[in-house]
Amino acid sequence: MKVSRRNFLWLSGAVVAGSLAAKLGCAPEEEEPAVPDDPDEPDPDVEPEIDDVFRIEYAETLSQICSYCGVGCGVLCYVEDGKIISVEGDPDHPVSEGALCSKGAALYNKYYEYDEQGNAIVSPQRMTEVLYRAPGASDWEVKDWDWAIEEIAKRIKDTRDADFKETNDAGQTVNRCESLAWIGSAKCNNEENYLYRKFVAAMGIVNNDHCARL
Amino acid sequence: MGQYPPAIKKVEAEIDLQLQNNSNLKQVFDVYKRIFFVQSSYLDQINTEVSLTEEEMKDCFRNDQHILSCQDLKIDGQTFLDLLEKICQAIKEASPEAPDNLLELSKARELQESKVNGFLEDIKAFNKKELEQYVQDKEMDQNTGLDSEVISFAVFSALIPFFSSFMNSVSETVDFSLWRNSFCPVCGQKPVIAKHRKDDGARILECWLCHAQWNFPRLECPHCNNEDQGSLRFFYVPEDRARQVHVCEKCEHYLKIIDEKMLQKEVILDLEAIATGHLDVLANKEGYTLPEIASLLN
């Protein structure tokens, strides 16, 4: 980091003043402060505050799971003002221990693309709201989450109510719904999968599969 | 993890690099370098025995006990006094403005031959603040005419070879991968600086006393074990993103982190602790403190 000599002189004094180094004789000598001719002018011998010299920026680190394949590698996302500024592998993640493949390492570019001036802008292809295309329609409509969740629940219930079979053609009890299917995710943990499996069984869904087999 | 001390050539080269950026720290680095030379020269002469077996040490780690809470560290009083005398001389040579009384510290009443072992028994588990308090309570500062912080610094500088030698012996038998605490697995002190390891980015804490290095999760406050990612942040000066200050909004403490991955080289944390003194000032300005401080610049 390059900082002007004046700032470094000041910095050195600020850091060691009243500190152990000063007590060990390492502090710079104090000079008699010069009195400015015009009292309204800023005194050249009055040093600026440290936060005038060093601008600082805050960032957060958030842990995430890579969104690409079923391995589910750990990713650390560095976020500044709500925007990702970089990503790297999470060294504490038990699956990947800090490593990322080339796709995972380029996750930043899934979020951003570059404009003509080379500035990183959030990709316009990134979906940030619920989109719905009605049967037979050609255009997408923007919907809110409450509508989407309620609609999904309603359609599942309607389909199950319409097609639920208590017995098969031979009269044997089956209690199943063959017109719904459930596809799990490689990123779900043991407990989540347990709950999904319970839900599927309660619904009578027999077409139950997993993305890693597709 | 690595053994202590680093090669002298590497230390000298690293100091030269640091001075290219901040020549005003020349005298401080000179003091550090001379102390380091004295400490390094004694490390080979000091034999510290580890009485615990590998399994006993692992049991200590499993029970969250650092090694020196399960066994005693024998410190030879005479060697300690020799070291203290040489360290005080080294400080005075590098910094002629240092108090003259420093050269008489090893002859202090509490450090006389008949008393030095008792003194070491009393203080060897202390942190910096506790030692300063002890010095004041025993009026060592008044008797020697030295500031309690200066005495504490000199005494710890003379203890570092004993603790580092012991740490080297421990690490030959057992690694610290079982250890997941914020205090040192060997001597129990709290770290003041850490790094993100060059190879994989893992957060490595380093003990300022025995120089043990151990892994600690990136997204956890080492001071209060807060894991809430929303209250853990870090700041940096944009011109130097590799040197960061990680802060916890809950306990309002901080830890300086040097990112080796970003620098693409292995760093010497003792030197970085000195070179990043401005980050301590900035952290204090932002309202964050270190629970226990022991570096040369603080």
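Nine strands build an open sheet in the order β3(A)-β2(A)-β1(A)-β4(B)-β5(B)-β6(B)-β1(B)-β2(B)-β3(B), with mixed pairing. Strands pair if DSSP finds at least two bridges between them. Helices (H or I, at least four residues) and strands (E, at least two) are DSSP runs, numbered from the N terminus. β3 (83-89) of chain A and β3 (213-215) of chain B stand at the edges, each with a single partner strand, so one side of each has no neighbour in the sheet. From one strand to the next, the twist averages 30°. Angles run from 0 to 180 degrees between N-to-C directions, and axes are lines fitted to C-alpha atoms, for helices over the stretch in contact.

This is a predicted model: local features need pLDDT of at least 70, side-chain atom pairs count only at pLDDT 80 or more, and totals for chains, interfaces and linings use all residues. Residues are numbered from 1 along each chain as its sequence is written, while chains are lettered from A and ligands numbered from 1 in the order in which they are written.

## Where the chains meet

β1 (residues 57-65) of chain A pairs with β2 (residues 74-80) of chain A in the antiparallel sense over six bridges. In that pair, A:Ile65 stands opposite A:Gly74. β1(A) also pairs with β4 (residues 232-237) of chain B, again antiparallel. Four bridges join β1(A) and β4(B). A:Glu60 has B:Arg233 as its bridge partner in β4(B).

Across the interface, 34 residues of chain A are in contact with 39 residues of chain B. Contact requires C-beta atoms, placed from the backbone, within 7 Å. On the chain A side, α1 (5-16), α2 (20-23), α3 (50-53), β1 and β3 each give two or more residues. That side divides into 19 nonpolar, seven polar and eight charged residues. Here Ala, Val, Leu, Ile, Met, Phe, Trp, Tyr, Cys and Pro count as nonpolar, Asp, Glu, Lys and Arg as charged, and the others, Gly among them, as polar.

## Cores and helix packing

The largest nonpolar core has 99 residues. Such a core is a set of buried Ala, Val, Leu, Ile, Met, Phe, Trp, Tyr and Cys residues joined through C-beta atoms within 7 Å. Buried means 20 or more other C-beta atoms within 10 Å of the residue's own. Among the members that touch the most others are B:Leu84, B:Ala154 and B:Phe163. Helix α8 (residues 148-173) of chain B gives the largest share, 14 residues. A second, separate core of seven residues includes A:Cys73 and A:Leu100.

Helix α4 (residues 77-94) of chain B meets helix α5 (residues 116-123) of chain B, with axes within 9 Å and a crossing of roughly 85°. That makes the two helices roughly perpendicular, a label for angles of 65 to 115 degrees. B:Gly77, B:Phe80 and B:Leu81 of α4(B) touch B:Val116, B:Asn117 and B:Leu120 of α5(B).

Chain A has seven helices and 10 strands. Of its 214 residues, 14% count as buried. Three strands form an open, mixed sheet in the order β8-β9-β10. β8 (165-167) and β10 (205-210) of chain A are its edge strands.

β9 (residues 173-184) of chain A runs parallel to β10(A), joined by five bridges. A:Ile183 stands opposite A:Asp209 in β10(A). Helix α7 (residues 190-203) of chain A packs on this sheet, touching β9 and β10. The direction of α7(A) makes about 140° with that of β9(A).

Technical notes. Angles under 35 degrees count as roughly parallel, over 145 as roughly antiparallel, 65 to 115 as roughly perpendicular and the rest as oblique. Two residues are in contact if their C-beta atoms, placed from the backbone, lie within 7 Å. A residue is buried if 20 or more other C-beta atoms lie within 10 Å of its own, exposed if 12 or fewer, and partly exposed in between; C-beta atoms are placed from the backbone.
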